[in-house]
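Dear colleague,

I am handing over the structure that we spoke about, and my notes on it follow below. Please read them with the model open beside you.

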Amino acid sequence: MHPPIEDYALIGDHQTAGLVGRDGSIDWLCLPRFDSAACFAALIGDEDNGHWRIAPKGTGPCTRRAYRENSLVLDSEWDTDEGSVRVTDLMPQRERAPEVVRVVEGLRGRVTVHSTLRLRFDYGSIVPWMRRADGHRVAVAGPDSVWLRTEPEVRGWGKDKSTHAEFTVAEGEKVAFVLTWHPSHEPRPRLIDPHDALRNSVDDWQAWAARCRYRGPHREAVLRSLITLKALTYAPTGGLVAAPTTSLPEEIGGVRNWDYRYCWLRDSTLTLDALLSVGYLEEARAWRDWLLRAAAGDPADLQIMYGIAGERRLPEVTLDWLSGYRDSAPVRVGNDAVRQLQLDVYGEVIDSLTLAHRAGLASKPHAWSIRNALMDFLHSAWRLPDAGLWEVRGPNRHFVHSKVMAWVAADRTVRTLEENPGLRGDVGRWRAMRDEVHREVCERGYDPVRNTFTQSYDSPELDAALLLIPRLGFLPPDDPRVVGTVDAIQDELGHGGLLRRYTAEATAVDGLPGREGTFLVCSFWLADALHLTGRTKEARELFERLAGLVNDVGLLSEEYDPAGGRQLGNFPQAFSHIGLVNTALTLFGAEEAG
């Protein structure tokens, strides 16, 4: 049985990430990038698909664990009959090669510790050839090579296609493991000092965290969310992955299992807003620049997601040799939703560029030309049905949120031209489009009998994305239609005090069997909407509940199952942590961000 999703903690080096369980096992790690094939895939298979466990011999989960203050360096401690021991896990910010450092330290008594390293390249399907060289254990298979060493050297042996080590540590003694990946055709990278790497990693993370301007309630949760977002950012390009994992299920045993190791345009405005509001201008600029590069080209070809360097082809395949997390199959790599038409992304891109401009980020010479090209395409395309924000795999529809985002694109373009009359653009054309979209949405996307906007034209279903209407400025928060929509969504999509994305019988909407959990970012949107409509006490109570759902090290997945009391979906999820940051800012005031 796999551990609960919330039993995992994140380590990373700004280019990839791993998940460490409470039992001291790294069950997921892709090298060298977030979207590379995993060499530890036990998370979505079993131990034979690769993992690396270091823990006191014969023990189970750790007694306690925590990140070092304001860092991504993880300490896990075990108390045993023989004494106590700490395992510190980290991935140093890389100079060239990705590395995992694991430092075992005796705290009390004398404790025997066992390490089991089971490398399996290509998502657990390839057993590498192992050999010894220069005091290392070396694993090679095709393009991948991994070197393992310890300081000081400890007794090791091979058994059952795994590498084992066993040693005893007394109080104050340390044994460091360093695992290094590099392309097999290249020479081994230079050795790092694991103890220097630990100190430098803590210093680097704490220096970064010190730049956070937020000083309001739940600062620890907000800062942990920001550290998580930083860890999910691919440093060479500035792209932010939705999550570092693939195929963690939205329903245990179900088929709603997707690869989230890519960058979604839908996250762009909310991400920029969070980063800019708390003082991370460098990260906001990098994300804006990634967005401009990704959006460049024929506007008709704008995708909903891209690879971390802006790659456009993300073919979806299933890995049939992996059983899936708790038998939730299939396991998917790649994402076919990349080919969908989602009109909301045009609004997201233009809103993001507007936000960046108003925040004072230096403009790129070509940014306005890209915006004009996107608007020229959207002028006619907004009338088309699409797959919507949630990437439904059923028939395209006239999703109301997509139309609202088309309105956002026109509105932000009109405002920018009005504020900057020297810019090239037909303000009258975009103003007319803005008015036409607004009029049609209010006529066809609103149910006057129930006093609520609906998920799509001429349909009874609701959609939590409609909660963004007041935040986006489509209608003021005190408009009766907004108030009615908030009430209807809370009533019809509520489950255990949280929100689903859309109707519980999702098959009718997205064409897939089964159900999913409550969607955490939607619940944060509800808190925002409650506050904007004057129900601040209720909004803060909901935020308190949501902040209490983080696991013991402050992480959130995509969804939550109120009945089972467990997290669901890919983990940790950027969208959920973006929601936490932005809702804290909404509820507790911009003055708390400095």
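In what follows, an axis is a line fitted to C-alpha atoms, for helices over the stretch in contact, and angles run from 0 to 180 degrees between N-to-C directions. Helices (H or I, at least four residues) and strands (E, at least two) are DSSP runs, numbered from the N terminus. The model is a predicted one, in which local features need pLDDT of at least 70 and side-chain atom pairs count only at pLDDT 80 or more, while totals for chains, interfaces and linings use all residues. Residues are numbered from 1 along each chain as its sequence is written, and side-chain values use heavy atoms, with hydrogens and water left out.

I begin with the helix pairs. Helix H5 (residues 281–295) packs against helix H6 (residues 344–358) at an angle of about 145 degrees, and their axes are 11 Å apart. The crossing of H5 past H6 is left-handed, a term used if the near helix is turned anticlockwise from the far one by less than a right angle (right-handed if clockwise). On the H5 side, Arg 288, Leu 291, Leu 292 and Ala 295 meet Val 349, Ser 352, Leu 353 and Ala 356 of H6, where contact means heavy atoms within 4.5 Å. These residues divide into 6 nonpolar, 1 polar and 1 charged, with Ala, Val, Leu, Ile, Met, Phe, Trp, Tyr, Cys and Pro counted as nonpolar, Asp, Glu, Lys and Arg as charged, and the others, Gly among them, as polar.

The second pair is helix H3 (residues 219–231) with helix H15 (residues 574–588), which pack at an angle of about 140 degrees with axes 9 Å apart. That angle makes H3 oblique to H15, given that angles under 35 degrees count as roughly parallel, over 145 as roughly antiparallel, 65 to 115 as roughly perpendicular and the rest as oblique. H3, too, passes its partner H15 in a left-handed crossing. Among the residues that make the contact are Val 222, Leu 226 and Leu 229 of H3 and His 577, Ile 578 and Val 581 of H15; by class, the contact has 9 nonpolar, 3 polar and no charged residues.

In the loop between strand S28 (566–568) and H15 lies Pro 572, which is joined to Phe 571 by a cis peptide bond with omega about -20 degrees. Another cis bond runs from Ala 329 to Pro 330, with omega near 10 degrees.

Of the other helices, H8 (residues 400–419) reaches 28 Å from its first C-alpha to its last, close to the 28 Å expected, the expected span being 1.5 Å times one less than the number of residues. In H8, 17 of the 20 residues are buried.

Finally, some single residues may deserve a look. His 136 lies in strand S11 (residues 136–141) and is buried, with a relative accessible area of 5%; residues that His 136 touches include Trp 147 and Arg 188. Asp 160, by contrast, counts as exposed at 59% relative accessibility, and its phi is positive, near 55 degrees. Lys 161 likewise has a positive phi of about 60 degrees, although it is not a glycine.

With best wishes

Definitions and conventions:
Buried means under 20% relative accessible area, exposed over 50%, partly exposed in between (1.4 Å probe, protein chains only). Lists of a residue's contacts leave out its neighbours within four places in sequence.
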